[in-house]
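Opening my notebook for today. I want to go through this structure piece by piece and write down what I find.

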Amino acid sequence: MKRKTGEARSSPAIEKCESTRTGTTVAAIKQAVIDNLHCVQGRIPALATRNDWYMAVAFTARDRMLDRFIGSIQKLSDRSVKIASYLSAEFLMGPHLGNNLLCLGITEQMREAVRELDQDLDDLIAQEEEPGLGNGGLGRLAACYMDSLASLNVPAIGYGIRYEFGIFDQEFRDGWQTEKTDEWLRLGNPWELCRPEIAYTVNFGGHTEQYRDASGRYCVRWIPNRVVKGIAYDTPVPAYRDDTVNLLRLWKAEAVESFDFEAFNVGDYYRAVDEKVISETVSKVLYPNDEPEVGKTLRLTQQYFFVSCSLQDMLNIHSMRKRDLDRFHESFAVQLNDTHPSIAVAELMRLLVDEHLMDWENAWAITQKTMAYTNHTLLPEALEKWALPLFSRTLPRHIEIIYEINRRFLDEVRKRYPGDDARASRLSLIDESGEKYVRMAHLAAVGSHHINGVAALHSDLLTKTVLKDLYEMYPERFTNVTNGVTPRRWVALSNPGLAGLITGSIGDKWIKHFEDEIRKIEPFVKDRVFRNEWAKIKRTNKNRLAAMIKERTGTAVDPDSLFDVQVKRIHEYKRQHLNVLHIITLYNRIKKAPRTKIVPRAFIFGGKAAPGYFMAKLIIKLINSVAEMVNNDPEVDGRLKVVFCPDFNVKNAHHIYPAADLSEQISTAGKEASGTGNMKFSMNGALTIGTLDGANVEIREEVGEENFFLFGLTVEDVLGLKAKGYAPRSYYESNPHLREAIDQIGSGHFSRGDKGLFAPLIDNLLNHDPFLLLADYQSYIDCQDRVSAAYRDQEQWVRMSILNTARMGKFSSDRSIREYCDNIWKVRPLKKS
């Protein structure tokens, strides 16, 4: 047939290129892997390392995502599309390869393709360096939300920092935590796209000048003493089995001029690259030690850097849409993930007023319509605030803007509450009690149209405690969105055996529609075959974790024992040391009566302590010291084991959550905002022992109180006890088992005779005990005895396990994102083309 004029000529080469770039057959994928090995890695198979093969496979998966990514980005240019912008200092995305293959629906095709190339897909997935761009729950929540935004076809951009070095790698030396640099970029990152043409300048320091422009308008000019450039690095975030691929845009700091040629020419080689070194420090490391002043300055610098780049980027996208600036809030809904990005309120005002010459009132209205703030803590000390001198030196223009916001806000407060100077002082954006501070949570709350907590209890307590005055001022702004986690990564990917059983029983819709579908497995609790298979899968997962523990720690744990797991950030309020007191109590029971029958347990810990948090590090040392004693005592061998899995991260969590029998959620009531580990454990069939804290309350409501092991003081009990005058020593003196355990720690029994090692911990418990361990000890011990009794009846335990998973639909992050979209952002999913 004759080709029409202008018609593209078809060629086998082009057809082959299209097939190997986007095809999903085993043959197409295999050819793509070989092509990427040759053309991107520059290797022949005979000389390729495992990392070469991993990179070739990753680029093959990325090609298939980018085809969809382009289509999604094009839709963002539609002026009618409102984009959810998620600002977070942390994005703990986890390893990409396995998750992306799952979302693309090509895991088995890739497995077969690399098998034909004499490679094992599981080995290649294990090769990936995890990007540790987060400290724990906050960053992992952001990652789950990015997954759900894509899978719900919600147009979204996640904005954060491309830290060169992420959360430290954890090792133990003589039981103490040591920190090693997380060099996650050392072998390259195939998932990101560098966008050097998307760059914005960010100012720091200097001073401001006031002037009148030609029309007599009052203006302010910021004269900085330092300027940094932010470069965009884009990571595609795919939907599960859908065409949407959203964008995670992380900023890297670079010098505006990275090389001083004049200094080089006169032989001052160090000064020639000074600016490059200083500028790149901004995005060098996640959460620098902020004990010294220089650390605090760097942390504030990081927060402002990524917020400014992100808002400039949004304004640029809005401009490309050719929309009026006073309709910016119709283009973007900006969510502040905790207080770290709260400087966005002042920065958007600066950009609108100073850079775009908008009047204050209009700019403030747009800012409030754009911003929404998520609070993640009930600890007053964790509500970020900055010393006024430090803030003023770093961001001189922003302190002026904050003063003006505060002046207008306090006028409103005094009008509402005349004569109530104490209330005005409490509400002020500037804390003037002693050394003056800028209250960042107040700034976020005043500049946002919605303020949400992350669990029903947390949201309620916010309005009664740390944000009480703000709630009374703006009650209509406060709402709740209980956290959720993605079932794609935390069940379908990390627990393939369980996922297969569920899919074989009710179909695979649960992976995308977890909230509506997962309850359909509940009737199978009566099916013996189903229960037996459920138990086999749990045993397989425990075998897998036991092998990992043996490899990492050298300790052998028995998969037939109860896996009692507590993995989370190490903090006094999370009470890992309460868990230790239970271990010592059990140990003492066995030592006193060796023939006592107890349910064998493996106590499995994981989590990192902040490098400057001495008490948390001491708790880690205590766990490892007790482990040394218990694990080497032949009298308890086969009945108790204690292990601390080093370097807890997303990759390790893939092994831990599916294998757990018991989930330890034992924080002091009223201290944990929500928690998300509790949800991951329950989704994988673990039973929870916990207090009525955070999302535990809602989990217990959903799974049924008979399927949850409850202990401890309630929030009301805690407040009442403290109001009466809590005396922790009285609990120690009146409880012989508690006294014995504490005395053993203090006597050096678990520290090779060193009586002083744990003295700070003992002193804190006996004389202060701010998180009420001693008050909750006996209730916890009694509850653990109920756990042991329940575990003896394995048939009933499996039933309870199934019901935990079946009733976790509410805790999908898809539900959370729908609530944000409907109730806060007013963002609609993209229509399918």
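**Entry 1: a pair of strands and their sheet**

I started with Gly 230 and looked for its bridge partner in strand 9, which turned out to be Ala 253. This is a predicted model, so I keep that in mind for every entry.

**Entry 2: a hairpin**

I then checked strand 6 (residues 207–212) and strand 7 (residues 218–223), which run antiparallel and are joined by 6 bridges. His 207 has Ile 223 of strand 7 opposite it. The two strands make a hairpin, with 5 residues between them. In the turn I noted Gly 216, which has a positive phi of about 85°.

**Entry 3: Phe 391**

I picked Phe 391, which lies in helix 15 (residues 388–394). Is Phe 391 buried or exposed? Its relative accessibility is 0%, so it counts as buried. I looked for what it touches, leaving out neighbours within four places in sequence. The contacts are Leu 300, Ile 343, Trp 386, Pro 396, His 398, Ile 399, Ile 402, Val 438 and Met 440. I also checked Thr 301: it is 90 residues from Phe 391 in sequence, and the C-alpha atoms are 9.6 Å apart.

Glu 664 stands opposite Ile 689 of strand 21.

**Entry 4: Ala 686**

Ala 686 sits in the loop between helix 28 (677–683) and strand 21. It counts as buried because its relative accessibility is 0%. Setting aside residues up to four places away in sequence, I listed its contacts as Lys 538, Ala 660, Asp 661, Leu 662, Ser 663, Phe 681 and Asn 804. Val 565 is 121 residues away along the chain, yet its C-alpha atom is 9.5 Å from that of Ala 686.

**Entry 5: two helix pairs**

First I took helix 24 (residues 528–553) and helix 27 (residues 650–659), whose axes come within 8 Å and cross at roughly 135°. That angle makes helix 24 oblique to helix 27. On the helix 24 side, the contact residues include Lys 538, Arg 544 and Met 548; on the helix 27 side, they include His 654, Ile 656 and Pro 658. Sorted by class, the contact has 5 nonpolar, 4 polar and 4 charged residues. The crossing is left-handed.

Then I took helix 25 (residues 576–592) and helix 26 (residues 614–631), which pack at about 20° with axes 10 Å apart. They are therefore roughly parallel to each other, and their crossing is left-handed too. Among the residues that meet are Val 580, Ile 583 and Tyr 587 in helix 25, and Leu 622, Val 626 and Met 629 in helix 26. How many charged residues does this contact have? It has none, with 10 nonpolar and 2 polar residues.

**Entry 6: helix 33**

Last, I checked helix 33 (residues 759–767), where Leu 761, Ile 762, Asn 764, Leu 765 and Leu 766 are buried. The elements covering them include helix 25 and helix 26 from my previous entry, along with helix 31 (728–734), helix 32 (736–747) and helix 34 (773–792). Just after helix 33 comes Asp 769, with a positive phi of about 45°.

Terms used:
Residues numbered from 1 in each chain as written. Predicted model: local features only at pLDDT ≥ 70, side-chain atom pairs only at ≥ 80, totals over all residues. Heavy atoms only, no water. Axes fitted to C-alpha atoms, helices over the stretch in contact; angles between N-to-C directions. Helix = DSSP H or I, 4+ residues; strand = E, 2+ residues; numbered from the N terminus. Parallel < 35°, antiparallel > 145°, perpendicular 65-115°, else oblique. Left-handed = near helix turned anticlockwise from the far one by under 90°. Contact = heavy atoms within 4.5 Å. Nonpolar A, V, L, I, M, F, W, Y, C, P; charged D, E, K, R; others polar. Pairing = 2+ DSSP bridges. Buried < 20%, exposed > 50% of the residue type's maximum accessible area, 1.4 Å probe, protein only.
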